[in-house]
Amino acid sequence: MVEKLVREGRSFRYVYNKEQPYVPQPPELTEATKSGDCKAKSLWLASRMNTRRVRFVIGKLSLGAPKSHAWLVWESPQAG
């Protein structure tokens with residue numbers, strides 16, 4: 001199920017909100033418009049996963065990266 005949701009979220013158009021770059025749009029808006037930035041897409045995915053075991057993270061993808069990125073951390077029940 002999660003793999004299907006990830007594929008769906010990746011198909012959403014990337015749209016960056018210049019007016020409010022630090023405020024993610026609600027998952028309902030991301031769903032309705034099929035668009036959003038990394039924060040919006042991550043929060044949409046977390047809301048669809050329906051688990052408290054997922055963590056929303058904002059940080060740098062690599063040391064010295066000029067921009068921040070958002071993603072989820074989740075351990076699959078099948079992991080380990």
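Colleague: Which residues does Tyr14 touch, not counting residues up to four places away in sequence?

Modeller: Contact means heavy atoms within 4.5 Å. With residues up to four places away in sequence not counted, Tyr14 touches Gly36, Asp37, Cys38 and Lys41.

Colleague: What pLDDT do local features need in this model?

Modeller: Residues are numbered from 1 along each chain as its sequence is written, and side-chain values use heavy atoms, with hydrogens and water left out. This is a predicted model in which totals for chains, interfaces and linings use all residues, side-chain atom pairs count only at pLDDT 80 or more, and local features need pLDDT of at least 70.

Colleague: Where is Tyr14 placed, and what is its relative accessibility?

Modeller: Helices (H or I, at least four residues) and strands (E, at least two) are DSSP runs, numbered from the N terminus. Tyr14 has its place in strand β1. Buried means under 20% relative accessible area, exposed over 50%, and partly exposed in between (1.4 Å probe, protein chains only). Tyr14 counts as partly exposed because its relative accessibility is 49%.

Colleague: Which residues does Tyr16 touch, not counting residues up to four places away in sequence?

Modeller: Tyr16 is in the loop between β1 and α2. With a relative accessible area of 44%, Tyr16 is partly exposed. Leaving out residues up to four places away in sequence, Tyr16 touches Pro21 and Asp37.

Colleague: How many Å apart in space are the C-alpha atoms of Asn17 and Asp37?

Modeller: Asn17 belongs to the loop between β1 (13-14) and α2 (27-33). The relative accessible area of Asn17 is 28%, so this residue is partly exposed. Along the sequence, Asn17 and Asp37 are 20 residues apart. From C-alpha to C-alpha, the separation of Asn17 and Asp37 is 7.6 Å.

Colleague: How are α1 and α3 oriented, roughly parallel or roughly antiparallel?

Modeller: Axes are lines fitted to C-alpha atoms, for helices over the stretch in contact, and angles run from 0 to 180 degrees between N-to-C directions. The axes of α1 and α3 come within 10 Å and cross at roughly 150°. Angles under 35 degrees count as roughly parallel, over 145 as roughly antiparallel, 65 to 115 as roughly perpendicular and the rest as oblique. Therefore α1 and α3 are roughly antiparallel.

Colleague: How is the crossing of α1 and α3 handed?

Modeller: A crossing is left-handed if the near helix is turned anticlockwise from the far one by less than a right angle, and right-handed if clockwise. For α1 and α3, the crossing is right-handed.

Colleague: How many charged residues does the contact of α1 with α3 have?

Modeller: On the α1 side the contact is made by Val2, Leu5, Val6, Glu8, Gly9 and Arg10, and on the α3 side by Lys41, Trp44, Leu45, Arg48 and Met49. Ala, Val, Leu, Ile, Met, Phe, Trp, Tyr, Cys and Pro count as nonpolar, Asp, Glu, Lys and Arg as charged, and the others, Gly among them, as polar. By class, the residues are six nonpolar, one polar and, as charged residues, four.

Colleague: Why does Lys39 count as buried, and at what relative accessibility?

Modeller: Lys39 lies in helix α3. Beyond residues up to four places away in sequence, Lys39 touches Pro21, Tyr22, Val23, Pro24, Phe56, Ile58 and Ala70. Lys39 counts as buried because its relative accessibility is 9%.

Colleague: What is the phi of Lys34?

Modeller: Lys34 has its place in the loop between α2 and β2 (35-36), and at 36% relative accessibility Lys34 counts as partly exposed. Most residues other than glycine have a negative phi. Lys34 is not a glycine, yet its phi is positive, at about 50°.

Colleague: What is the phi of Asn50?

Modeller: Asn50 is in the loop between α3 and β3 (55-60). Its relative accessibility is 70%, so Asn50 counts as exposed. Although Asn50 is not a glycine, its phi is positive, at about 55°.
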